[in-house]
Amino acid sequence: MITFEEFRLIFDIEKCCSEILFSINGSAKFSNCWMGTSLDKNTGKYGYWFGLTQDGNNAYDFLTFDEFANAKVFDGRSLVEVWENVTLLEINACDASEMLKLYLP
């Protein structure tokens, strides 16, 4: 388990096209979710997003990391609020535990 501050470092390092597969422990609804960053071709700025269901009905886009981290998209709770129950599964299609070794000292 990494701290939320360490998690934020991943987005500071990998602003372009990061994708993270994650789950929220004990939640069948949020057992296979995605989050990441992408470049808006129109503005040239990076944004943050969640893809919480396979059907695409629970997709959310944000302009800043703070909006992303504090959005109440998990049944009225934010990523910050559920962080202690988050398990990172993959980072950019690679095993999360292996990738974290590259990102964190």
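These are my notebook entries on what I looked up in this structure, which is a predicted model.

**Entry 1: the overall layout**

I began with the secondary structure and found that the protein chain has 4 helices and 6 strands. Reading along the sequence, I wrote down the pattern α-β-β-β-β-α-α-β-β-α. I then looked up the radius of gyration, which is 13 Å and close to the 13 Å that the globule rule gives for 105 residues, so the chain is as compact as a globular protein of that length. Along its principal axes the C-alpha trace spans about 40 × 35 × 20 Å.

I also looked at contacts between residues at least 6 apart in sequence, and noted that 43% of them join residues at least 24 apart. For the surface, I noted an accessible area of about 6,200 Å², with 51% of it belonging to carbon and sulfur atoms. Buried residues make up 39% of the 105 residues.

**Entry 2: the sheet**

In what order do the strands of the open sheet lie? I found the order β4-β3-β2-β1-β5-β6, with antiparallel pairing, and I marked β4 and β6 as the edge strands, since each of them pairs on one side only. As a reminder to myself, strands of a sheet pair through backbone hydrogen bonds, either parallel or antiparallel.

- β1 and β5 pair over 5 bridges in the antiparallel sense; Leu21 has Glu90 of β5 as its bridge partner, while Ile20 stands opposite Ile91 in β5.
- β5 and β6, the latter covering residues 94-95, are joined by 2 bridges and run antiparallel, with Cys94 in β6 as the bridge partner of Ile91.

Is β1 mostly buried or exposed? I counted a strand of 6 residues with 5 of them buried, so β1 is largely enclosed by the rest of the structure.

Next I turned to α1, where Phe4, Phe7, Ile10 and Phe11 are buried. Why do these residues lie on the same side of α1? They cover an arc of only 100° around the axis, which puts them on the same side of α1. This goes with a rule I had noted before: an α-helix has 3.6 residues a turn, so residues three or four places apart point the same way.

I found Tyr60 in strand β4, which covers residues 59-62. At 28% relative accessibility Tyr60 counts as partly exposed, because the cut-off for buried is under 20% and for exposed over 50%. Not counting residues up to four places away in sequence, Tyr60 touches Tyr48, Trp49, Phe50, Leu52 and Val73. I also looked up its distance to Phe11, which is 49 residues apart from Tyr60 along the chain, and the C-alpha atoms of the two are separated by 17 Å.

**Entry 3: two positive phi values**

Most residues other than glycine have a negative phi, so I searched for exceptions and wrote down two residues. Asp75 has a phi near 50°; its place is in the loop between α2 and α3, and it is exposed, with a relative accessible area of 54%.

Asn92 also has a phi near 50°, and lies in the loop between β5 and β6. These two strands form a hairpin with 2 residues between them, and Asn92 is in the turn. At 26% relative accessibility, Asn92 counts as partly exposed.

Methods:
Residues numbered from 1 in each chain as written. Predicted model: local features only at pLDDT ≥ 70, side-chain atom pairs only at ≥ 80, totals over all residues. Heavy atoms only, no water. Pairing = 2+ DSSP bridges. Buried < 20%, exposed > 50% of the residue type's maximum accessible area, 1.4 Å probe, protein only. Arc of directions from axis to C-beta. Rg over C-alpha atoms; globule rule 2.2 N^0.38 Å. Contact = heavy atoms within 4.5 Å. Areas by Shrake-Rupley, 256 points an atom, 1.4 Å probe, with all protein chains shown as cover.
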